[in-house]
Amino acid sequence: MGIGLFPPPAPCRCNGTGAVPWGREGGAAVKITILTENTVSRRGLLAEHGLSVLVETGARRLLFDTGQSGVFVRNAGKLGVGLEGLDGIVLSHGHYDHTGGLPELPAGPDCPVFLREKALEDKWCLDKAGQARCIGIPWREERKSCRMAGTLTFTAEKEEIFPDIYVLGDISPTVPEEAMADNPFRIRRDGRFVPDRMEDEQLLILRTARGLAVFAGCAHAGILSCMEKVRTSFPGETCCFLLAGMHLRGCGEERVNAVIEGLKRYEISCLVPLHCTGTLAAARMKIAFGRSCLMAEAGKSFHIPEEE
């Protein structure tokens, strides 16, 4: 049985073109195109460690993350997808593999770039030997002196950036099964490293005719904690679609199984694990959720019509 927030899942069908009957926003179909991802299966496209997703509704065209380089722009060109005239860009958090490509985007100066202010902090990661490497936004220091796409727009905990389109932040780890034994992420302040609690992370959420569509870049607090945040922030609403990097690469079987069992409680109709979810965890989810779980590499697109 579900926990009461989400309805029983409808069959999630995907034909050879990647079309997925599912939901709408603004009275029209939603189209989702993966521009950058860790994997690729189409000739002429490139992959990189990163994520960039184009979300198109009947009223808005939004870019969710920009990967670490201009790969997303190149792939968009190969796919015949124009990136001019975007209504907005949402950056999920301040790591290079989600933000580094922004200077390559041919967006006008009036295009808002939605991010949490803390995404601009000096972010690092410690390896197992204790060596630190910078993983923050590459253009953080140069943003005031170099040409940048769009205008940085800092967001609040929950903000409706367009009608029925939200960003949701302040996500804390609330699910014990997702607790990290060792947090490798750091912020450099005044010449010393302090733990990075990833307070800059935010979700993109669309309210559609069939429920909420949730997009997560990496879900550092844990994907179940993210879903709990959605549940409490949108009381009484249902969630049908989840596309997420889940930061499960390299995690043990016990943690992955706990996440799978936790996701089952939400009865999500269509689940798309990608990027930092990791190959093994994504494969386990495919086995557990069957046709309701879709694999998404660079170049894949999903058409989500408004009707059943």
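A residue is called buried here when its relative accessible area is under 20%, and exposed when that area is over 50%. In this predicted model, strand β4, which spans residues 61-64, is covered on both of its faces, because Arg61 and Leu63 on one side and Leu62 and Phe64 on the other are all under that 20% limit and count as buried.

**Strand β4 and its neighbours**

- In a regular strand the side chains alternate between the two faces of the sheet, and in β4 the residues Arg61 and Leu63 lie on one side while Leu62 and Phe64 lie on the other.
- Strand β3, made of residues 52-56, runs antiparallel to β4 and is joined to it by four bridges, and one of the pairings places Val53 of β3 with Phe64 as its bridge partner in β4.
- The two strands β3 and β4 form a hairpin, in which four residues lie between them.
- Strand β5, made of residues 88-90, runs parallel to β4 and is joined to it by three bridges, with Leu62 standing opposite Gly88 of β5.

**Helix α1 and its two sides**

- Helix α1, residues 71-79, belongs together with β4 and β5 to a β-α-β unit that is right-handed.
- The residues Val71, Phe72, Asn75 and Ala76 of α1 are buried, and because they cover an arc of only 135° around the axis, they lie on the same side of the helix.
- The exposed residues Gly77 and Lys78 are carried by the face of α1 that is turned away from its buried side.
- Just after α1 comes Gly80, which takes a positive phi of about 75°.

- Rolling a probe the size of a water molecule over the atoms shows where empty space is left.
- The largest pocket holds about 780 Å³ of space, and it is lined by 27 residues, of which Cys125, Pro184, Phe185, His247 and Arg249 are the closest to its centre.
- Two or more residues of this lining come from each of the elements α2 (96-99) and β7 (123-126).
- By type, the lining of the largest pocket divides into 14 nonpolar, six polar and seven charged residues.
- The second largest pocket holds about 310 Å³ of space, and among its 15 lining residues Pro173, Met180, Arg197, His220 and Ala221 lie nearest its centre.
- The lining of the second largest pocket divides into seven nonpolar, three polar and five charged residues.

Notes. Residues are numbered from 1 along each chain as its sequence is written. This is a predicted model: local features need pLDDT of at least 70, side-chain atom pairs count only at pLDDT 80 or more; totals for chains, interfaces and linings use all residues. Side-chain values use heavy atoms; hydrogens and water are left out. Buried means under 20% relative accessible area, exposed over 50%, partly exposed in between (1.4 Å probe, protein chains only). Two strands pair if DSSP finds at least two bridges between them. A crossover is right-handed if, with the strands pointing away from the viewer, the path from the first strand over the helix to the second runs clockwise. The arc is that of the directions from the helix axis to the C-beta atoms. On a 1 Å grid over the protein atoms alone, a cavity is a set of points where a 1.4 Å probe fits but cannot get out, and a pocket is an open set with protein on both sides within 12 Å along at least five of seven lines; lining residues have an atom within 4 Å of a point. Grid points are joined across faces, edges and corners, and a volume is the space filled by probe spheres set on the points. Ala, Val, Leu, Ile, Met, Phe, Trp, Tyr, Cys and Pro count as nonpolar, Asp, Glu, Lys and Arg as charged, and the others, Gly among them, as polar.
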